[in-house]
Amino acid sequence: MKSEMITQEAVPWPREACRSNGKLSHALRRQTQDPLWVRLVLISLTVLLMGVLVVIPLIHVFYEALRDGLVTYGRYILADPDTRHSIVLTLIVAPIAVLCNVLFGLAAAWLVARFRFPGRTLLVAMIDIPLSVSPVVAGLSFVLLFGMQGFFGPSLRAMGIDILFTVPALIIATTFVTLPYVARELIPLMETLGPDEELAALSLGANGWQIFWRVTLPNIQWGLLYGIILCNARAMGEFGAVSVVSGRIPGETMTMPLQVELLFQDYNSPAAFALASVLTLLAVITLILKVYLEGRHHLRRPPPAWGASPTTPQEKINGTAGGTLP
Amino acid sequence: MGRIDPKVLPGYGLSLGLTMMYLVVLVVLPLGACVVNAFRMGASEFLTAVWSPRARAAYGLSFGASLIAAAVSTLIGLLIAWVLVRYDFPGRRLLDSLVDLPLALPTAVAGLVFSHLYSAGGWLGQFLVPLGIEAAYSRLAIVVVLVFVGFPFVVRTVQPVIQSLDGEEEEAALLLGANRWQTFRYVLFPALVPSLITGFALALARGLGEYGSIVFVSGNMPFKTEIAPFLIVSRLEEGGNKVLEATALATVLLAASLLMLVLINRLEAWSRRG
């Protein structure tokens, strides 16, 4: 009903007249196409740029990692106990950080998309802060908070708790850096969905948890998964903040990216590339899942080719209204 | 879409409490600690820390390299977004997905690969170094890596806007006698400006804070290839009094990124209206 109304309003009649006159419309379409040589030059430039910036580096990682054969590759990753530990540590730190941010993202989205209150705009802006603050500044801030000269350091020490240069510090720093990813995905989604279904559930006698589990969560599950995937990719790759709070203790507080740097500085490039290839593989899997979710569940759908399939007005509206910080 | 003002739905108190507590503990307290520590220093001490020749060089390089990289990213991003939306060619969907790779790839991996590719014996360096183009362990290396991490922001900001241009204005311009270039210059480009500026600002903000990839490619030589975040880390690692200096340097960088955040929010509101 709604989309029909928009369609009728959005197409003014002269254009419709052009359309009905097939010949004129076809001529116009051809003339608003760029000339063939322009198209070829621009496409070649794009392919060249994407090749140099993205494709060649991607291939290079796997080439360098595998050039000594699969057996050596396996040894680089599995033989060194410090490298093994870094993989395990990343697999501990990232999921915990993601879980924290999922809980936060759900609470923040429910709050921002379902209620109006003073300071709402400020709160939304605060969620974005970790995206623009340098990870190094974030790391330093946690050092100031938990270090021996810091606010909490001495009193925590008195209780026998050390946070700086331990795994909890890595988790806190990673959580800070990845804080916005789930919330930024859920807030616009829940605003688009609107409160109608939840209100209906409420009027039928559902309580808060029932509304959340049976109405809200099924509606946002794919958006939530999308946010989790992006958040996890960022969490596994985090370098700056983690590097500052870790104290770089080999075999104890080195996550995979930190271990890559350590190996690189030890002039052990093959091992660094082997470990980097694992991280790259995770990034590629992330991209594949992302494309799958976008295609299957219409989350931030990639644009169709110009003229290949006409966008509906509704899609146009969705396309322009989306957020921009990925 | 009606949002309910009287808090009919349950969970207002719970979600408000959780969200506020989380933000206070993870964002307000740490960043507050940074600012408070910097203010404790006293003005002259603060100024000597942030205005030392080495700090000035590091800030200059950070801002300069980020500005250049953001400008290059804007150009490249516009081109890629335009081609991906307007032209159909084999591999288009694949390229479109690969645009997101720099956002998903750990920065340390990017740094490692780029330092290798452009060094004298590397795949690209073997052609570029004889030509005098040193894109490893140089200022150019920093710009190259920042373009890598920055251009997806521009593509993803501009892409939906190009997609939303429905061709009506172009047809009108054509019927009024404009050629293709005039149409682009006077009709299409002005419509893209807000999103281009937003993308530029996003790439700039990302570049200012970038650390992971640059550590690998720049060589980190003071006065030459040392960026501000690296200077902060090395001061912090020196310990003692130098921690205060690191805090002062970090506060300046923090202020710059918060300014960028406000600017980006304004720009996004503007491009949504325009």
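A salt bridge here is a side-chain nitrogen of Lys or Arg within 4 Å of a carboxyl oxygen of Asp or Glu. This is a predicted model: local features need pLDDT of at least 70, side-chain atom pairs count only at pLDDT 80 or more, and totals for chains, interfaces and linings use all residues. Residues are numbered from 1 along each chain as its sequence is written, chains are lettered from A and ligands numbered from 1 in the order written, and side-chain values use heavy atoms, without hydrogens and water.

**View 1. A salt bridge joins B:Arg180 and A:Asp34.** The N to O distance is 2.5 Å. The rule finds 3 salt bridges across the interface of chain B and chain A. Helix α1 (residues 12–39) of chain B gives the largest share of the side that touches chain A, 19 residues. Helices are DSSP runs (H or I, at least four residues), numbered from the N terminus.

**View 2. Chain B meets chain A.** In contact (heavy atoms within 4.5 Å) are 109 residues of chain B and 117 residues of chain A. The two chains bury about 10200 Å² between them, 75% of it on carbon and sulfur atoms. Buried area is the accessible area (1.4 Å probe) that two parts lose on being put together, summed over both.

**View 3. B:Tyr59 sits in helix α3 (residues 53–86) of chain B.** B:Tyr59 counts as buried because its relative accessibility is 10%; buried means under 20% relative accessible area (1.4 Å probe, protein chains only). Leaving out residues up to four places away in sequence, B:Tyr59 touches B:Val50, B:Ala228, B:Leu249, B:Val252 and B:Leu253.

Note on methods:
Helix = DSSP H or I, 4+ residues; strand = E, 2+ residues; numbered from the N terminus. Buried < 20%, exposed > 50% of the residue type's maximum accessible area, 1.4 Å probe, protein only.
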